[in-house]
Amino acid sequence: MNLVQVYVDYRAQSREFERLVDRVIQVATPPAARAVHTLDDDLATEVVNGLLSYDFIHEVAILDERGNALAEASRPPIVHSAGWLVKIVDDDVLTYTAQLAVPGYAQQSTGKISFRVDKRQALASFYSRSELNLVAGVLRNLVLVVLLFIAFYVKLTKPLARLSHEINEIDPDQPGVRRLTPLPDKRQDELASVISNTNQLLDVVELSLAKRRAVELALRKSEEHLRQIVDSLPVLIGARNKQGYYRFANQALANALGYTPEQMCTIHVRNLLKHSVDNIEQVLNNDARVIDRREELDVVEESFVGADGSQLFLQTHMIPLDYYDEVVSLVLSVDVTERKNAQEKMQYMAHHDALTSLPNRLQLVERLEHEVRRAVRHGYFGAVLFIDLDKFKNINDSLGHPVGDSVLQEVAKRLKAAVREEDLVARLSGDEFIVVLTVLDQELDIAGLKAGEISEKIRAVVSQPIMHEQMELRITCSVGVVVYPDKNNVVHELLRYADTAMYHVKEKGRDAIEFFNEDMADKVSAQLVMEGDLHRALEQQQFVLHYQPKLDIETGEVVGAEALLRWQHPEKGQISPMDFIPVLETSGLILDVGQWVIEQACQSLAIWSSQGLWRPGMTMSVNISPRQFRGASFVQDVIDALQRYDVPPGALDIEVTEGIIIQRVDEAIETMSTLAAHQVSFSLDDFGTGYSSISYLKRLPVSTLKIDKSFIRDLSHDRSDRVLVETIITMARLLDLNVVAEGVETAEQLEILHTYHCHSYQGFYFSPAVPEIQFEALLKR
């Protein structure tokens with residue numbers, strides 16, 4: 001307030017000072033103007049001296065219109081010890097200027113008067129008075145504050161400090177033991193009322209605590225009784241909060257997890273249940289739903305692994321629960337493992353045969369319907385085999401049903417072992433079994449052939465002796481086969497067709513296989529017969545090698561031959577390789593027959609070399625099947641044959657197709673490189689009909705390209721074939737490869753090849769493939 005008063009006074013003094021200056025200017029301006037107008041130096045000096053008579057003016061100047069000083073004077077400003085207030089409020093010196101004009105001359109300016117004043121000097125008395133008032137006010141206020149402080153401390157602060165200390169000393173568990181010290185009786189102010197009311201409150205709290213302890217004791221006993229009841233229930237009970245911790249768990253749940261209830265409350269659910277449930281995140285999400293949305297959830301069947309590793313199945317109900325100061329998820333789980341096992345057992349018994357544990361008719365129909373739909377959708381064929389044990393009734397009648405049951409169990413094991421895991425073996429009734437073969441092939445003929453092979457395998461497996469108490473039991477079976485899908489047949493029709501085919505076997509004498517599909521049956525049977533004949537052909541040495549010579553186009557000399565497999569059947573005569581080679585491939589006989597071809601070719605090479613008929617540089621080409629080439633023992637078998645017959649180095653040439661190489665390039669290169677190290681050369685057969693990738697030619701250790709006969713056939717009149725053949729020959733020459741043209745039948749074809757600088761050729765134009773004796777005669781001639 002003192003500062004505000006000083007400020008108001010200062011503004012008033014400043015306005016008064018400004019009015020004084022204005023009056024001085026009004027008095028001094030007219031004579032100064034006349035002095036300037038008349039250039040009266042004396043008058044100007046008189047005006048200047050008159051202004052200097054004011055103690056706050058210390059410098060005056062009168063200037064004409066050009067700025068020249070007509071009169072001026074100054075005196076040193078008064079040096080006064082200005083107080084702190086003066087330094088804060090005012091500047092030292094102020095300058096005032098006024099224009100001088102002579103009346104009657106249109107107020108034309110003739111010069112100006114300027115003087116400097118010391119405002120501090122003008123207001124010196126005000127400043128002294130204000131400083132005194134301020135200092136006096138501050139001292140007065142300080143005295144008042146000290147007096148008030150002493151009064152407040154004695155009357156309020158000290159009692160409050162004592163009150164705070166006594167409150168801190170009160171025992172919360174026994175608030176009635178200590179009391180607050182009351183103020184003197186004569187003092188009846190608010191503080192005394194607070195102390196009195198607080199003491200009364202402490203008495204009330206003490207009484208309330210006593211009542212509460214009694215209630216808590218009763219609740220504790222009730223809770224212990226309830227806990228005993230909950231712990232004795234055969235139900236897993238627990239309460240989980242949103243943070244993933246158990247707030248409560250009964251003994252049954254703790255035992256299942258291998259912890260105490262107290263330990264469970266300190267371990268997070270992720271660690272507590274990590275070995276017990278499959279999806280912990282789902283458990284936490286369910287808890288969040290129950291707590292946040294207050295939903296009730298039911299988990300019908302929950303997999304649970306106990307602390308002892310036992311597999312349990314729980315039926316769980318989750319509800320929200322207000323537990324003390326938070327909402328938790330109360331989880332109640334009932335062990336339904338025994339019920340589930342009983343249901344699974346009933347389900348298993350409903351779909352499986354009790355004696356053999358194989359699927360029964362119900363599961364067979366369901367699975368077969370699924371497989372038929374899948375076969376239609378993906379475009380492949382499968383087969384249904386109806387198997388009936390021959391004369392099984394004799395075993396039951398003579399040895400009893402227990403023996404018959406053991407035989408049926410053994411047959412079931414053999415059937416399951418004879419097929420793939422994805423195939424189905426089922427028991428219909430008695431001694432009847434069904435085998436469902438899935439995904440045989442996308443070609444009907446090949447699928448039928450594979451079904452026949454597996455049927456033969458099953459027939460052979462079943463016919464093996466069964467030992468029972470040092471007794472050797474032998475049984476056979478009749479197999480009816482039907483391939484699906486065919487003509488949109490339903491499952492029951494397929495079973496009936498297979499059953500019909502099986503009865504045809506029974507009518508023909510049992511222990512055989514019969515296909516229901518009439519159009520395919522003859523072909524499959526013929527192939528199965530051929531497979532048997534091929535086994536006998538290998539055993540009885542019905543295979544022979546024919547040799548087709550290869551000739552140099554420039555000289556016409558024989559430079560080698562290609563060994564070709566022929567089958568001379570004792571009853572059917574010469575059988576085309578186009579008919580029996582595919583059967584060799586599918587049956588696996590190609591491995592044995594292919595090795596026989598290599599052995600025979602190496603033996604002939606050794607004989608002709610010893611006779612001088614096989615000159616250095618000539619090569620004998622042998623065709624290798626993909627299955628044989630990829631065999632684990634192929635490389636070693638070839639090396640053994642070379643060493644066994646002392647074949648001349650470089651005489652054996654192996655013909656491979658692009659299809660063999662393209663599937664496993666690195667393995668093919670490794671195989672070829674190993675044999676090339678033993679002086680075995682390689683020819684790429686049927687070049688131009690497959691991938692014909694030059695990148696493979698760069699990497700493969702191939703020395704010869706064989707142009708397929710399909711390009712040679714129309715060489716004389718098809719320009720495209722001529723361009724392709726010329727391109728292949730040119731490319732081969734640039735890669736330092738020999739070129740052999742296959743299927744040369746006319747002189748015109750030979751002439752064109754000669755023009756293109758082909759190295760050698762083979763074909764009917766010179767000679768077809770001939771038996772060994774004729775080829776030997778050709779070499780001699």
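Which side chain of opposite charge is nearest to Glu-166, and how far away is it? Select Glu-166 and Arg-162: Arg-162 is the one, 4.2 Å away. Lys and Arg count as positive, Asp and Glu as negative, while His and the chain ends are not counted. Glu-166 is buried yet has no salt bridge. Buried means under 20% relative accessible area, exposed over 50%, and partly exposed in between (1.4 Å probe, protein chains only). A salt bridge needs a side-chain nitrogen of Lys or Arg within 4 Å of a carboxyl oxygen of Asp or Glu.

A word on the model: it is predicted, so local features need pLDDT of at least 70, side-chain atom pairs count only at pLDDT 80 or more, and totals for chains, interfaces and linings use all residues. Residues are numbered from 1 along each chain as its sequence is written, and side-chain values use heavy atoms, leaving out hydrogens and water.

Stay with Glu-166. It lies in helix H5 (residues 124–168). Helices (H or I, at least four residues) and strands (E, at least two) are DSSP runs, numbered from the N terminus. Leaving aside residues up to four places away in sequence, Glu-166 touches Arg-179, Leu-180 and Thr-181. Contact here means heavy atoms within 4.5 Å.

**Salt bridges**

The count comes to 31 salt bridges. Select Lys-393 and Asp-397 next. Their side chains meet at 2.7 Å, N to O. Both lie in helix H13 (residues 392–399), four residues apart, about one turn of the helix. Lys-393 is exposed at 58% relative accessible area; Asp-397 is exposed too, at 54%.

Move to Glu-514 and Lys-508. Their closest N and O atoms are 3.1 Å apart. Glu-514 is buried, at 17%, whereas Lys-508 is exposed, at 64%.

Now pick Glu-655 and Lys-706, a salt bridge of 2.5 Å between the closest N and O atoms. This pair links distant parts of the chain, 51 residues apart: Glu-655 is in strand S21 (residues 652–657), Lys-706 in strand S23 (residues 704–707). Both are buried.

**Nonpolar cores**

Last, select Trp-614 and Leu-753. They touch the most other members of the largest nonpolar core, which has 82 residues. Such a core is a set of buried Ala, Val, Leu, Ile, Met, Phe, Trp, Tyr and Cys residues joined through side-chain atoms within 4.5 Å. Helix H19 (residues 590–610) gives the most, with eight residues. Another core lies apart, with 36 residues, including Ile-387 and Leu-415.
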